[in-house]
Amino acid sequence: MKTTKECMKKMTVSNMLVMGCLSAILGIAGCQQEGTAEKTGKKVDQAAESAGQGIKETTEKAGEEIESAAESAGGYVSDSVITTRVKAAFLNDPMLKSSQIEVTTVDGVVTLTGTVDSEQSVDRAEELAERQENVKSVENELMVDEGASIYE
């Protein structure tokens, strides 16, 4: 994952490269003996336009990379928060607090794995997970261990 600092460095290096190329083109255009001042002026204008387009494209690409990095970081934080909220809900629920439920979240999709003591616990775990903020869906892979009991 690229950081904003890395993207900004790339953008700065790209801008410097474009400016260097523009300077070289302008220098070459000014040294040519073949044409009049008008021809040289047109070449300078074309070089400036080309360099400007290069800078614009580089800036747009860097902006897209920064946005992508920010979305990735935001998604990770959000998934961690969702997982924590689901686990806390289970710990605060009398039916589920002693259950062995693993919770993972990827892009807002919560996956529940492990064992519980009854079908009611399976349903309750799914219901609590679905209620948490930013949960897109729940994949319930819980198994019922009928030998388990919360009263043992």
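**View 1. A network of salt bridges links Asp-93, Arg-124, Glu-127 and Arg-131.** Here a salt bridge is a side-chain nitrogen of Lys or Arg within 4 Å of a carboxyl oxygen of Asp or Glu. This is a predicted model, in which local features need pLDDT of at least 70, side-chain atom pairs count only at pLDDT 80 or more, and totals for chains, interfaces and linings use all residues. Residues are numbered from 1 along each chain as its sequence is written, and side-chain values use heavy atoms, with hydrogens and water left out.

**View 2. Arg-124 pairs with Asp-93, their closest N and O atoms being 2.7 Å apart.** The pair links distant parts of the chain, with Arg-124 in helix α3 and Asp-93 in the loop between α2 and β1 (100-106), 31 residues apart. Helices (H or I, at least four residues) and strands (E, at least two) are DSSP runs, numbered from the N terminus. Asp-93 is buried, at 6% relative accessible area, while Arg-124 is partly exposed at 22%. Buried means under 20% relative accessible area, exposed over 50%, and partly exposed in between (1.4 Å probe, protein chains only).

**View 3. Within helix α3, take a look at Glu-127 and Arg-131, 4 residues apart, about one turn of the helix.** Their salt bridge brings the closest N and O atoms to 2.4 Å. Glu-127 is partly exposed at 32% relative accessibility, and Arg-131 is exposed at 55%.

**View 4. Arg-85 forms a salt bridge with Glu-133, with 3.5 Å between the closest N and O atoms.** Arg-85 sits in helix α2 (residues 37-91) and Glu-133 in the loop between α3 (119-131) and β3 (137-144), 48 residues apart.
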